[in-house]
Amino acid sequence: MTFKDQILQGIPTILPIKKPYPTHANRAPKRKDILNKSEKQLAIRNALRYFPEQWHNVLAKEFAEELNAYGRIYMYRFKPDYDMYARPMENYPAKSRQAAAIMLMIQNNLNPEVAQHPEELITYGGNGAVFQNWAQYLVTMQYLATMTDDQTLHMYSGHPMGLFPSSKNAPRVVVTNGMMIPNYSKPDDWEKFNALGVTQYGQMTAGSFMYIGPQGIVHGTTITVMNAFRKILTPEEGPAGKIFLTAGLGGMSGAQPKAGTIAGCITICAEVNEKAARKRYEQGWVDVLVHAMDDLIVRTKMAQSKHEVISIAYIGNVVDVWERFYEEDIFIHVGSDQTSLHIPWTGGYYPVGISFEESNRLIREEPEYFKVKVQESLRRHANAINKHAEKGTYFFDYGNAFLLEASRAGAQVMDKNNIDFKYPSYVQDILGPMCFDYGFGPFRWVCTSGNPSDLEQTDHIAMEVLQEIMQNAPGEIQQQLQDNITWIKNAKHNNMVVGSQARILYADAEGRTKIANAFNQAIAKGTIGPVVLGRDHHDVSGTDSPYRETSNIYDGSKYTADMAIQNVIGDSFRGATWVSIHNGGGVGWGEVINGGFGLLLDGTKEAENRLQSMLFYDVNNGIARRSWARNDEAIFAIKREMARTPSLRVTLPNAVNDSLLENLF
């Protein structure tokens, strides 16, 4: 059968031969054995409903084996035999061009070069799933191949519920992931209901089909690291020869060494999984691999003495690095952590003093003991950071729930008021006031032709638009514009592409709209092929997350999720090709609600109307909320936008004199 025939077939008509698990694959962690006997029977019953009854006798035993071995039913037998990657859009069987673009994005998320655990349909973060199992993938692709522009596919946590009549102006796909009743949103609830096959953790851009490989976070990390050094260095100093110490080389965290190199410092990134570290080294994201601590000390001191710009991956535990560097009196200028602490008990964080292999055994066989060791490690980790901070290290929480889980473990990370953390979130200190409040966030695009020359042309178009905007931009946003002009100028040289021909930069509503409009005009002229627009959920409006995206909201509303819900609903009727809303993503299940979109530009007037309406709202919804929280930068930005757009009217806060409040209670 051809590739198109296999897509159109969906679930095969003949039971495929059982496949051996590939020995070279980076496997997902074995999940907790959390279901009782009757629940395991229910999980098998749930899985079998995708298949004809005559197969059940064979598949029931097989799925039970998977559930016992992995804690999940992935349905390996049904993984298609064709290569998984983003093909040019015209290679997909489709009645709708918008649906073809979504198929392209799904396959990009599952490309082994992009995905962290591709056999388990996990894109990044240890549990960020596109689908729960391969049957869901097959049925979804079949629906997308056969749907028209008068239908919408509704997806419940990876499950394609079905095609429903709608209209050409409606989204082609509406995605929800992990949307639990609030009282069922604790970590063990995810373990249980995911094992039952009724929900999944979509992370941010995994379950919304908008992951573009590590490039997406390289840019955000570059902006973060550059500004972290700007906070601690004098204008005359540069970051060359200065140390950025962190941990994690997985799906998202793997971007850190590349970002550090672009920022111009020494990056030392510890990773306990040698496969993950070696993958980043082979992809050119890490310059040097080091196994022994003594070798790391020697290589670090050499880099310092020569003022090198270099990235070093240490295959080992970062706690050991923090402690040994303190003993060796190696000064760490900037420190952070990007292990997957949103899932601390299931492979997101590995305790110091226990091997990677033994930790994986404990996760499955002795979960309570493993939890004890993780919390011991977090206390030790925080203690080492505290010692360096006393010497002047600037440490920030990178939104991975490090401080949250460290505090729950009893680590000394709380401020004197015992309410706030002693270290800021990077959004509190950097991205919130410097970017999000002004409307700058991660605007990204994918060239559906798969042609590198299309990407090069879009780079040039975007750079010209930003340069033109900068000529008349106010001083408050000159630095943001210049950083992104520099980024886009060097993007090709920095070899950012993994998987699809994609790019990212930070822009505000004006920049996003003008860049998108210029792309659409180029498509209309035949200069480039169609382009898919999107963004990370980690943005101005997309995410309500009190420990990350909305951590610089101080009016008490950072624990509410109105903004993310309003964002997705508002985007859906303003022209988005698809929308998604997730529980979890970044900091963990039950800790955040986040939403995203995708928008196909095909050179038509309809696409122009959609981009103008949707991109404007997608950004200004968040600026309005941030201005109501009394963030000065957001008040500046929304007033500027209202002056340019008479039809925009936003409720602004009145200032309150602090002295009025002092003796009221």
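Trainee: Which residues does Leu 533 touch, not counting residues up to four places away in sequence?

Mentor: This is a predicted model. In it, Leu 533 touches Met 210, Phe 443, Arg 444, Trp 445, Ala 516, Phe 519, Phe 597, Gly 598, Leu 599, Leu 601 and Leu 615, with residues up to four places away in sequence left out.

Trainee: Which residues have the most contacts inside the largest nonpolar core?

Mentor: The general idea comes first. In soluble globular proteins, nonpolar side chains tend to be buried together. Here the largest nonpolar core has 143 residues, and Leu 533 is listed among those with the most contacts inside it, along with Phe 51, Phe 63, Ile 106, Tyr 137, Trp 445 and Leu 505. Helix H4, residues 97-110, supplies the largest share of this core, 9 residues. There is also a second, separate core of 48 residues, which includes Ala 303, Val 352, Ile 385 and Val 592.

Trainee: Now a loop residue. Does Ile 11 count as buried or exposed?

Mentor: Ile 11 is found in the loop between helix H1 (3-9) and helix H2 (37-48). Its relative accessibility is 16%, so Ile 11 counts as buried, the cut-off being under 20%. Leaving aside neighbours within four places in sequence, Ile 11 is in contact with Tyr 50, Phe 51, Trp 55, Ala 135, Leu 138 and Val 139. Lys 30 is 19 residues from Ile 11 along the chain, and their C-alpha atoms are separated by 26 Å.

Trainee: At what angle do H2 and helix H3 pack?

Mentor: Two packed helices are described by the angle between their axes and the distance between the axes. For H2 and H3 (residues 56-70), the angle is about 130° and the axes are 10 Å apart. That angle makes H2 oblique to H3. Their crossing is right-handed. On the H2 side, the contact is made by Lys 40, Ala 43, Ile 44, Ala 47 and Leu 48; on the H3 side, by His 56, Leu 59, Ala 60, Phe 63, Ala 64, Leu 67 and Asn 68. By type, the residues of this contact are 9 nonpolar, 2 polar and 1 charged.

Trainee: How far apart are the axes of helix H19 and helix H20?

Mentor: The axes of H19 (residues 562-572) and H20 (residues 605-628) are 9 Å apart, and the helices pack at an angle of about 160°. That makes H19 roughly antiparallel to H20, since the cut-off for this label is over 145 degrees. The crossing of H19 and H20 is right-handed. Residues that meet include Met 563 and Gln 566 in H19, and Met 614 and Tyr 617 in H20. The residues of this contact divide into 3 nonpolar, 5 polar and 3 charged.

Terms used. Residues are numbered from 1 along each chain as its sequence is written. This is a predicted model: local features need pLDDT of at least 70, side-chain atom pairs count only at pLDDT 80 or more; totals for chains, interfaces and linings use all residues. Side-chain values use heavy atoms; hydrogens and water are left out. Axes are lines fitted to C-alpha atoms, for helices over the stretch in contact, and angles run from 0 to 180 degrees between N-to-C directions. Helices (H or I, at least four residues) and strands (E, at least two) are DSSP runs, numbered from the N terminus. Angles under 35 degrees count as roughly parallel, over 145 as roughly antiparallel, 65 to 115 as roughly perpendicular and the rest as oblique. A crossing is left-handed if the near helix is turned anticlockwise from the far one by less than a right angle, and right-handed if clockwise. Contact means heavy atoms within 4.5 Å. Ala, Val, Leu, Ile, Met, Phe, Trp, Tyr, Cys and Pro count as nonpolar, Asp, Glu, Lys and Arg as charged, and the others, Gly among them, as polar. A nonpolar core is a set of buried Ala, Val, Leu, Ile, Met, Phe, Trp, Tyr and Cys residues joined through side-chain atoms within 4.5 Å. Buried means under 20% relative accessible area, exposed over 50%, partly exposed in between (1.4 Å probe, protein chains only).
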